[in-house]
Amino acid sequence: RYNLLGEKAKASAQGKAIAAQIAKLESTAIGQIAPNFTITTPEGESISLYDIKGKVKLIDFWASWCGPCRGENPHVVEIYKEYHPKGLEILGVSLDNNQEAWVKAIEDDGLTWNHVSDLKGWENAAAQLYGVNSIPHLLVLDENNQIVARNLHGQELKDKIAEMAKKDAQNNEYMGNEFKSLRKS
């Protein structure tokens, strides 16, 4: 629909804002490589998305004050406990602006994975980069940081991660068999 606008409309402030939002959405669409970002942990250390190594990665945009996020956390904890040994890593990106509330929510909800926030609320740099306008907002990435799914929750999220873990296990088995046959020859 944007392409149907005239040049005058595209050149307006609103037209430029729409074009910028479209570009953000296209750069973080399924199939794209997730843009890297670096933000601070609760301990004050910087960590980037690409520092997180896993066969499957989940970026979880959330906040301590977000009821739906907190309601989803038990499901994410369950998935993490089951699939972390199989290569799942999670990076929680908080849209909090209160350090104490953020850290308390991490502890209260038993979120034992990596967490980052710049404590700028909705102006969070990573949320801006990914065009996040509602939370919880989850992205599933493969080991090469390619976005494979967005905004899955509950059983759908678990099913996608199970599918990716199974695929990785099959690839590892195939590679192991190929290596064995090479050793025999």
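**Entry 1: a starting question**

Which residues does F61 touch, not counting residues up to four places away in sequence? I looked them up and found V93, L95, A126, A127, Y130, V132, I135, P136, H137 and L139. Contact here means heavy atoms within 4.5 Å.

Before going on, I noted that this is a predicted model, where local features need pLDDT of at least 70 and side-chain atom pairs count only at pLDDT 80 or more, while totals for chains, interfaces and linings use all residues. Residues are numbered from 1 along each chain as its sequence is written, and side-chain values use heavy atoms, with hydrogens and water left out.

Back to F61: I found this residue in strand β3, residues 56-62. Helices (H or I, at least four residues) and strands (E, at least two) are DSSP runs, numbered from the N terminus. F61 counts as buried because its relative accessibility is 0%. The cut-offs are under 20% relative accessible area for buried, over 50% for exposed, and partly exposed in between, with a 1.4 Å probe and protein chains only. I also checked F61 against S117: they are 56 residues apart along the chain, and their C-alpha atoms are separated by 9.8 Å.

**Entry 2: the whole chain**

I stepped back and listed the elements: the chain has 6 helices and 7 strands. Along the sequence I read the pattern α-α-β-β-β-α-β-α-β-α-β-β-α. The C-alpha atoms fill a box of roughly 70 × 45 × 30 Å, taken along the principal axes.

How much of the chain counts as buried? I noted 41% of the 185 residues. The chain exposes about 10400 Å², and carbon and sulfur atoms supply 52% of that area. Accessible areas come from the Shrake-Rupley method with a 1.4 Å probe, and for residues only the protein chains shown count as cover. I then took the contacts in the chain with a separation of 6 or more: residues 24 or more positions apart account for 64% of them.

**Entry 3: two buried residues**

I went to A34 next, in the loop between α2 (13-27) and β1 (38-40). Is A34 buried or exposed? A34 counts as buried, because its relative accessibility is 0%. Leaving aside neighbours within four places in sequence, A34 is in contact with L49, Y50, Y130, L141, N145 and I147. I also looked up A34 and V148, which are 114 residues apart along the chain, with 9.8 Å between their C-alpha atoms.

Then I turned to I161 in helix α6, residues 154-184. I161 has a relative accessible area of 1%, so I wrote it down as buried. Leaving aside its neighbours within four places in sequence, I161 is in contact with V56, I79, Y83 and L88. I161 and P74 are 87 residues apart in sequence and 16 Å apart in space, C-alpha to C-alpha.

**Entry 4: a pair of helices**

Two packed helices are described by the angle between their axes and the distance between the axes. I looked up α3 (residues 67-83) and α4 (residues 99-109): they pack at an angle of about 45 degrees, with axes 10 Å apart. That angle makes α3 oblique to α4. The axes are lines fitted to C-alpha atoms, for helices over the stretch in contact, and angles run from 0 to 180 degrees between N-to-C directions. Under 35 degrees is roughly parallel, over 145 roughly antiparallel, 65 to 115 roughly perpendicular, and the rest oblique.

Which residues make the contact? I found R70, N73 and V77 of α3 with A105, D108 and D109 of α4. They divide into 2 nonpolar, 1 polar and 3 charged. Ala, Val, Leu, Ile, Met, Phe, Trp, Tyr, Cys and Pro count as nonpolar, Asp, Glu, Lys and Arg as charged, and the others, Gly among them, as polar.

I picked out D108, in helix α4, which counts as partly exposed at 48% relative accessibility. D108 and R70 are 38 residues apart along the chain, and their C-alpha atoms are separated by 10.0 Å.

**Entry 5: backbone notes**

Most residues other than glycine have a negative phi, and most peptide bonds are trans. I looked for departures.

- The peptide bond from I135 to P136 is cis, with omega near 5 degrees, and P136 lies in the loop between α5 (125-129) and β6 (137-142).
- L119 is not a glycine, yet has a positive phi of about 55 degrees; I found L119 in the loop between β5 (114-116) and α5.
- N151 also has a positive phi, near 50 degrees, and sits in the loop between β7 (147-150) and α6.
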